[in-house]
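Take a look at the protein below and turn it around for a bit. Then we'll walk through some of its sheets, a helix and its cores together.

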Amino acid sequence: MYQLDITLRRGQNLAARDRGGTSDPYVKFKLGGKEVFRSKTIHKNLNPVWEEKTCILIDNPREPLYIKVFDYDFGLQDDFIGSAFLNLASLELNRQTDVTLSLKDPHYPDHNLGTILLSVLLAPREEQREVFQTQSLRLSDLHRKSQLWRGIVSITLIEGRELKAMDANGLSDPYVKFRLGHQKYKSKIMPKTLNPQWREQFDFHLYEERGGIIDITVWDKDAGKKDDFIGRCQVDLSTLSKEQTHKLELPLEEGEGCLVLLVTLTASAAVTISDLSVNSLEDPKEREEILKRYSPMRMFHNMKDVGFLQVKVIRAEALMAADVTGKSDPFCVVELNNDRLLTHTVYKNLNPEWNKIFTFNVKDIHSVLEVTVYDEDRDRSADFLGKVAIPLLSIQNGEQKAYVLKNKQLTGPTKGVIYLEIDVIFNAVKASVRTLMPKEQKYIEEENRLSKQLLLRNFIRMKRCVMVLINAAYYINSCFDWDSPPRSLAAFLLFLFVVWNFELYMIPLALLLLLAWNYFLIISGKDNRQHDTVVEDMLEDEEEEDDRDDKTRAQV
């Protein structure tokens with residue numbers, strides 16, 4: 001094992017990717033196809049200075065470090081600036097080296113995309129024993145070392161004041177977008193106002209102890225066309241003290257007015273990820289502490305902390321082959337409400353073993369645990385392989401079970417199974433009180449996508465309604481034209497009878513006629529709804545086939 005200490009110094013003469021002739025660059029480090037570091041974003045600068053440090057543990061120094069630079073675009077896909085490789089085998093051990101890397105784009109090898117300056121130090125891990133020695137650490141300390149994030153940033157969006165009017169009526173329909181790294185949230189839309197009152201709350205996860213910068217943009221909703229930009233602002237979390245609520249009035253740049261926020265930074269030790277060797281429930285002392293925390297004697301202590309959830313993601317079998325090579329690069333995402341954890345990626349394997357333990361703080365015992373398996377694609381969004389949803393109340397503690405993976409809508413199975421072992425410990429009194437409160441809103445945005453199956457289903461429904469109205473109009477018109485004298489005479493007598501004897505309570509009885517008509521269609525074999533369902537299923541299969549074709553073309 002080796003330890004690689006990297007200081008990301010700065011970039012020089014980076015390529016411009018924005019319309020204004022600048023970029024908002026940030027840097028990613030990848031090792032073995034897995035992202036191990038992401039820098040902060042420097043806005044509107046082609047010569048950014050980062051001066052950020054990171055430490056990476058390396059098994060094989062012959063494997064190069066992949067460095068990628070992107071231009072950050074809020075709300076859009078980030079633009080690729082360039083990439084470079086750092087050959088770790090060429091570094092001299094125990095000596096700090098300054099490295100200058102020229103960025104390249106495989107599609108445009110002759111373009112000058114700028115350079116990245118680094119300082120690197122590669123040393124055997126044994127020499128860092130006093131720093132990384134874990135034998136003397138207690139189990140709870142190991143949990144602290146394995147936390148995926150260091151804290152939670154709670155933001156309450158209170159109001160906006162004197163925002164810029166973007167519509168012809170002198171008003172706006174404002175909403176707000178937040179972004180911290182990969183986390184994105186969107187507020188509700190407040191129609192026709194320049195002083196909106198949102199009163200919404202969002203939780204971000206802090207991945208770095210030093211904080212980060214939250215990008216905030218305000219937009220005006222326009223139906224049928226692109227939304228108008230009202231203004232932007234930022235919150236630098238490194239300047240805020242922890243365990244304290246800060247009221248901020250942020251003036252909007254490139255616009256008018258301001259936003260009023262409440263921001264609270266809270267240290268978190270409730271959500272963790274670790275290997276199977278670090279199991280809190282198997283350690284008697286840790287288990288006793290957890291049971292004591294949620295015992296009936298502590299029912300009035302921290303009412304929001306309802307329980308403790310531990311999920312062992314062991315392995316999956318017979319997954320779907322998502323790559324042209326007949327393999328997949330699966331990783332697993334475990335979600336509980338707005339808490340979201342990921343395993344590492346197992347490359348080129350349809351029977352991956354993760355052997356990871358995830359722990360969550362349960363806020364509502366009626367929540368549903370969602371475990372989703374994806375196929376990782378370099379430089380593209382991950383492909384869906386399967387999903388399971390498990391209500392917390394249905395969990396049987398300590399029992400390893402195989403769950404069949406299902407489709408996104410959880411309406412039918414896909415290919416493969418996943419093995420999980422789940423334990424949940426909760427305080428029944430707190431859980432009962434929490435049941436009377438509103439369910440926690442899930443703020444994670446899903447990618448909007450046009451579904452041909454949904455479009456066809458809505459089209460068939462609309463066509464069916466229109467045809468019923470047209471046929472009814474033709475039928476009534478034929479009665480007035482006396483195309484069939486007996487039918488017209490019967491319609492005339494029926495009209496006189498209904499008008500003479502009509503009462504309001506008879507209106508619901510008309511539904512019986514509709515039921516009788518549908519029954520007649522089914523008996524006579526003229527019902528075509530089964531054919532519509534078959535067509536929808538064919539469209540769904542075609543949609544999945546298109547997804548595979550798009551992915552195959554992208555890989556080729």
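Which residue in E13 is the bridge partner of Arg 179? That would be Asp 215. The strand it belongs to, E13 (residues 213-220), pairs with strand E10 (residues 174-180) in the antiparallel sense over six bridges. Strands pair here if DSSP finds at least two bridges between them. Helices (H or I, at least four residues) and strands (E, at least two) are DSSP runs, numbered from the N terminus.

A quick word on where this comes from: it is a predicted model, where local features need pLDDT of at least 70, side-chain atom pairs count only at pLDDT 80 or more, and totals for chains, interfaces and linings use all residues. Residues are numbered from 1 along each chain as its sequence is written, and side-chain values use heavy atoms, with hydrogens and water left out.

**The big picture**

The protein chain has eight helices and 25 strands. Of its 556 residues, 41% are buried, where buried means under 20% relative accessible area, exposed means over 50%, and partly exposed is in between (1.4 Å probe, protein chains only).

**Two open sheets**

E10 and E13 belong to an open sheet of four strands with antiparallel pairing. Strands E11 (183-186) and E14 (228-236) stand at its edges with a single partner strand each, so one side of each has no neighbour in the sheet. Another open sheet of four strands, also with antiparallel pairing, contains E1 and E8; its edge strands are E4 (49-58) and E7 (97-102).

| Strand order | Average twist from one strand to the next |
|---|---|
| E11-E10-E13-E14 | 15° |
| E4-E1-E8-E7 | 25° |

Is Leu 121 buried or partly exposed? It counts as partly exposed, because its relative accessibility is 24%. Among the residues that Leu 121 touches are Gln 3, Leu 4 and Asn 94, contact meaning heavy atoms within 4.5 Å.

**A hairpin and a helix**

Further along, strand E24 (residues 399-406) and strand E25 (residues 413-426) run antiparallel, joined by seven bridges. Gln 400 stands opposite Glu 421 in E25. The two strands form a hairpin with six residues between them, and Leu 410 in the turn has a positive phi of about 60°.

Next up is helix H4 (residues 428-435), whose buried residues are Lys 430, Ala 431 and Arg 434. They cover an arc of only 100° around the axis, so they sit on the same side of H4; the arc is that of the directions from the helix axis to the C-beta atoms. These buried residues pack against helix H3 (284-293) and E25.

**The cores**

A nonpolar core is a set of buried Ala, Val, Leu, Ile, Met, Phe, Trp, Tyr and Cys residues joined through side-chain atoms within 4.5 Å. The largest one has 32 residues, and Leu 309, Val 313, Ile 418, Leu 420 and Ile 422 touch the most other members. A second, separate core of 29 residues includes Leu 31, Trp 50, Ile 56 and Ala 84.

Note on methods. Axes fitted to C-alpha atoms, helices over the stretch in contact; angles between N-to-C directions. Lists of a residue's contacts leave out its neighbours within four places in sequence.
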